[in-house]
Amino acid sequence: MTTDRLTWLEARRKYIGSSDITKLLGAAPKSWGGPYSVWKSKTFELAEGSLDDNIPMFYWGRRLEPIIAEEYGRQTDMVIDSFPDHYTTPWVASGFDHVACTPDYFASDPDSADQLRHPAERTLVECKNVGAWNEREWGESGAHADGNVPEYYVMQVRWQMGCTGATEAVICALIGGSDWRFYHVEPDPAWFHRSAAFADDWYRTHVRDDYAPIPDERNDIVLGAPPEAGHVMVADDDMEHLIHERAAAHQLVQTHTAEMKRLDAQLVTAMGDTYDGIRLRGDDQPAVTHKPMRSNPTKRRYSFRKSFD
C-alpha cells in the first residue's frame, strides 16, 4: 500500500462516503459488510496491507480506472481529470474517480485548469472493473443506469452527485476485461438530503460517540477476526433459541430457492428459442427476458425487470 493511498484511506475515516452509505442503507452486497463494518473502518487503526490491497479484483480495479475513464473521453471527445474529496457537512462527503468536460472549455478560458477540479458543472465519471460472471447485471451501453446497473452503484454515484452538486454523471464499466460500457445517471436531490441527514446522525452516534452498532452481516463478524483459539462456549437458553431460529430460517430460504428455480425453469422452457422475453398484458416492457449475452452470443442471459425481481 502506498503512502498516498494510506493518506487517502485515513481521510475517509472522517466521513461517510459513497460506499459507506450503501452499507448503511442495506443496499450493498452482503460481502461488503453492513453498518458494523462501516463503524469499524472509521474507529479502528489502519494497518498497512490490512484492507483490500491483496485482493486482485480491487487492485486491478484501481489500476484500470484511468484507462476506463480515458475510453469515455475518447468516445465522447471529452477531457478527463480527477479531483479531491468534497464535503457537504463535517461527516458527509465523497470522492469521485474522474470528471469530464469538453475541450472548448479550456479554449474559452485559458485560466480554467484549476476550475476543472470543481465538478459541479462537469460530468462525473465513475469507473467499475466488472467480472465476466456479473455481465447479466449490466444492460446495454448508453442507457440510463436505473434498471441497467446494480442499484448500489447507482446509489454511490447519486451520493457523489449530491456531495459535489453535479447534475451529470456516467458510470463506465469494463466487463470481463474486454466489454466497455457506459450509463447515464441522473441526480436525486430528495433521496440525497434524506440519506445525508441519516448518515450525519449515524456518524455522530456511532463514530463520534463510539457506540458500536450490532453486526447484522456475517461478513462484519469474520473480517479481521483473531486467530482461532480453540475454545467452545456452552449455549445458554438465548443461544439455543438463536441456533434453532437460524436453522429454521435456513430451511425456509432453501425451500424458496428451490421453488424459484422450478418457476424459472418453467418460464425459460415456455420461451424456448423463439421468444426473447415475456410481458404482462397491458405492459409495454418485458417482465422477464432471455437474450443472447453480448460477451458470448452462444449463451443467453435470463433476467427479471427490477420491479419483478
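How many bridges join strand β7 to β8? In this predicted model, strand β7, which covers residues 288–292, is joined to β8 by five bridges, and the two strands run antiparallel. The protein as a whole contains nine helices and eight strands, and the points below describe its overall make-up, one of its sheets and one pair of its helices.

**Overall make-up**
- The protein has 309 residues, of which 37% count as buried.
- When contacts between residues at least 6 apart in sequence are considered, 65% of them join residues at least 24 apart.

**The sheet of β6, β7 and β8**
- Three strands form an open sheet in the order β6-β7-β8, and their pairing is antiparallel.
- Because β6 (277–278) and β8 (300–304) stand at the edges and each has a single partner strand, one side of each is left without a neighbour in the sheet.
- Within the sheet, Thr289 stands opposite Ser303 in β8.
- Helix α9, made of residues 237–271, packs on this sheet and touches β6, β7 and β8, with its direction making about 120° with that of β8.

**The helix pair α6 and α7**
- Helix α6 (residues 151–164) and helix α7 (residues 189–208) have axes that come within 10 Å and cross at roughly 85°, which means that α6 is roughly perpendicular to α7.
- On the α6 side the contact is made by Met155, Arg158, Trp159, Gly162 and Cys163, while α7 contributes Trp191, Phe192, Ser195, Ala196 and Ala199.
- Sorted by class, the residues in this contact of α6 with α7 are seven nonpolar, two polar and one charged.

Methods:
Residues numbered from 1 in each chain as written. Predicted model: local features only at pLDDT ≥ 70, side-chain atom pairs only at ≥ 80, totals over all residues. Heavy atoms only, no water. Helix = DSSP H or I, 4+ residues; strand = E, 2+ residues; numbered from the N terminus. Buried < 20%, exposed > 50% of the residue type's maximum accessible area, 1.4 Å probe, protein only. Contact = heavy atoms within 4.5 Å. Pairing = 2+ DSSP bridges. Axes fitted to C-alpha atoms, helices over the stretch in contact; angles between N-to-C directions. Parallel < 35°, antiparallel > 145°, perpendicular 65-115°, else oblique. Nonpolar A, V, L, I, M, F, W, Y, C, P; charged D, E, K, R; others polar.
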